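Please look through the model below with the sequence beside it. The paragraphs after it go from one region to the next.

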Amino acid sequence: MKGVRVLVQLIINNRNRRSFSSRTPPPSPSQQMDESDRYCYNPRLHWNPQVEDYFTKAYGTEAFNRISKALTRPSCYSCIRVNTLKATTESVIEKILEIQHEKKLKTNDDESVNSSTLETRPVVKCQIPGLDYVVFVKGSGPHDIEYDYQQDRPPKEIIVSRKCAEAVLRGAQVYVPGILACSAHVEKGDKVAVSVGVEQPGRNGEWATGITRGIVLQGLKTDPQYIERDGLYIGQGITNLSRAGIFRDLSGLGVDMTDRVFRLPSFNDVLKGDIFLQNLPSIITAHTLDPQQGERILDMCAAPGGKTTAIASLMKDKGEVIAVDRSHNKVLEIHSLAEELGLSCITAYKLDALKAVHKNKLNGTVTQSSSVDKVSRPTQQTDSANFVNGELAVPATEDNKICDEEVKKGPYTSKAEIRKQIRRMKNGPGKNQLTGGRVNKCEGFAPNSFDRVLLDAPCSALGLRPRLFAAEETIDSLRRHGKYQQRMFDQAVQLVRPGGVLVYSTCTINPGENEAVVRYALDTYKFLSLAPQHPKIGGPGLLGRYESSDGYFEEWLKPGEEDLVQRFDPSGPHDTIGFFIAKFNVGPKEA
């Protein structure tokens, strides 16, 4: 645990420094007149009132306030899983330090880059028993940013979408599709402040930014979301395009971030095949499953394949790991990642996890559908764009350039059609427009045909961070998530053989999707029992029950069960995402 304690202490020491985000006392009248006070990062996460009341009753007011604040910040370190089939932990650490040194040499003469962003990041080998192949690279923040505000002359500014901002807080750049608005007279090479347009309540209970893309910012209170953007400035950077270019182009780098509130190392295309960027609780989930060489393992809802490949690596690529997902394109992602990491024991199928059990199968045989989807595999550029920028931005690729050339030289192509192509590159092709490779379909598996099953269930994802918006979840939607997970659990428990192991995990702080599902499992399937977990660094689960004014109630854990699960608190000492893990031993099943 020494490495973790060192990393946590570095983060705590850094956060105790003076920062804009720590300005919690109410401003004096003179301070209220100072418009420069708005240029800071001090967001407040807004929840649906019923959801906030539910979480407050579950955690207590003080604890839930801490969690809400932590969710608005990224973890101040990057967690790297070393692919031990291709590299060693020591060699990866050495290469990371070399890359940091080379980057510093290349950029130390660039006056546009804040010199503090060039500092060498501490690289720490994880000391948790069994996780010696995990490396932490420390980041820092929140930092004070000098936005060059002058009285009656605010800095030039751009507003980015909330999803773009969340990516930037994790270390990404600002790409053109994520930019909503911009000051007038912005030219290429200008320094701009970057603020966030967060969804606001509208008519009929809908949420939207309400910002027309391309609107001109004047730096006045008449600007869109002027008041709402107080405390929502995430840094500044240098424009890569003029204002006209930003709203004319459909892709490409918009702003090169030179000074950030949170400074996290970027690992885009770094040591590809040797490392995989993964949250610590996700790595621990694979360890909790404790896969053994030669076993048959099922990973339900497996995309994008992080836990699948972690399981295969722990098995030294010896055995059989079956990964399923209902999305064609996500199955392709699993194939791609397994190939990149050099793992051959993984087989991925297109299958809805709610239909994972095939009652008519014998001996656990997998029957592929006679019709195999045929598509062309996505290009490497597209995969890279999806990994780095998610739904927010698409860096310039050869595909983009081809689109541009067709507009300039070839037959006329409408802007609408080009935008459709860009969306496909950002989000992947739709169900009827698949563009890559082959995906094996599966009709399900025989009961009791797996030694171990991992159900990393689709969830409300309210533990992921940074998060700047949470009001879209209602108390009804949270309840639906829990019922959906119970149905998935019903499938998973049938597939594990007696004497096997079932691990259930989520990335949410919602007890209805965590402890309540564990209670359902133990009360419904008497042959299940909670098992100790190794390694165990998460906190205990929640005890008791919840009952709402409308008569709805949830049963959580009973005394003695709380220490057999792991609940990762985003405001806790390990600075992780919110996460939950439960491990079940499967006893003899009744006929």
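Which residues of H6 are buried? The model is a predicted one, and in it the buried residues of this helix are Arg162, Cys164, Ala165, Glu166, Ala167, Val168 and Leu169. Helix H6 covers residues 162-169, and seven of its eight residues are buried, so the helix counts as mostly covered. The cover can be traced to particular strands. The buried residues of H6 pack against strand E4 (157-161), strand E5 (174-175), strand E7 (191-197), strand E11 (233-239) and strand E12 (253-260). H6 lies across these strands, E4, E5, E7, E11 and E12, and runs at about 100 degrees to E4. After the helix comes Gly171, which has a positive phi, near 120 degrees.

Strands of a sheet pair through backbone hydrogen bonds, either parallel or antiparallel. Here seven strands form an open sheet with mixed pairing, in the order E5-E12-E11-E7-E4-E6-E10. E5 and strand E10 (215-217) stand at its edges; each has a single partner strand, so one side of each is left without a neighbour in the sheet.

Another parallel pairing involves strand E14 (residues 296-300). E14 is mostly covered, with five of its five residues buried. Both of its faces are covered: Arg296, Leu298 and Met300 are buried on one side, and Ile297 and Asp299 on the other. E14 pairs with strand E15 (residues 320-325) in the parallel sense over four bridges, and the bridge partner of Arg296 in E15 is Glu320.

Helix H9 takes up residues 306-314, and eight of its nine residues are buried. These buried residues are Gly306, Lys307, Thr308, Thr309, Ala310, Ile311, Ala312 and Ser313. Just after H9, Lys316 takes a positive phi of about 60 degrees.

Next, a pair of helices. Two packed helices are described by the angle between their axes and the distance between the axes. For helix H3 (residues 49-59) and helix H4 (residues 61-71), the angle is about 120 degrees and the axes are 7 Å apart. Angles of 65 to 115 degrees count as roughly perpendicular and those over 145 as roughly antiparallel, and H3 and H4 are therefore oblique to each other. Their crossing is right-handed. H3 contributes Glu52, Phe55, Thr56 and Tyr59 to the contact, and H4 contributes Thr61, Ala63, Phe64 and Ile67.

Strand E25 (residues 579-586) has antiparallel pairings with several strands. Seven of its eight residues are buried, so E25 is largely enclosed by the rest of the structure. Strand E20 (residues 496-506) pairs with E25 in the antiparallel sense over six bridges, and Val501 stands opposite Asn585 in E25. Strand E21 (residues 528-530) also runs antiparallel to E25, joined by three bridges; here Leu530 stands opposite Phe584. With strand E24 (residues 565-568), E25 forms four bridges, again antiparallel, and the bridge partner of Phe568 is Phe579.

Gly587 lies in the segment after E25. At 18% relative accessibility, Gly587 falls under the 20% cut-off and so counts as buried. What is Gly587 in contact with, leaving aside its neighbours within four places in sequence? The contacts are Pro498, Gly499 and Phe527. The C-alpha atoms of Gly587 and Lys526 are separated by 8.6 Å, although the two residues are 61 residues apart along the chain.

The cysteines are left. A disulfide is a covalent bond between the sulfur atoms of two cysteines. To count as one, the two sulfur atoms must lie within 2.5 Å, and by this rule the count is zero disulfides. Cys507 is buried, at 18% relative accessibility. Cys40 is also counted as buried, at 8% relative accessibility.

Note on methods: Residues are numbered from 1 along each chain as its sequence is written. This is a predicted model: local features need pLDDT of at least 70, side-chain atom pairs count only at pLDDT 80 or more; totals for chains, interfaces and linings use all residues. Side-chain values use heavy atoms; hydrogens and water are left out. Buried means under 20% relative accessible area, exposed over 50%, partly exposed in between (1.4 Å probe, protein chains only). Helices (H or I, at least four residues) and strands (E, at least two) are DSSP runs, numbered from the N terminus. Contact means heavy atoms within 4.5 Å. Two strands pair if DSSP finds at least two bridges between them. Axes are lines fitted to C-alpha atoms, for helices over the stretch in contact, and angles run from 0 to 180 degrees between N-to-C directions. Angles under 35 degrees count as roughly parallel, over 145 as roughly antiparallel, 65 to 115 as roughly perpendicular and the rest as oblique. A crossing is left-handed if the near helix is turned anticlockwise from the far one by less than a right angle, and right-handed if clockwise.
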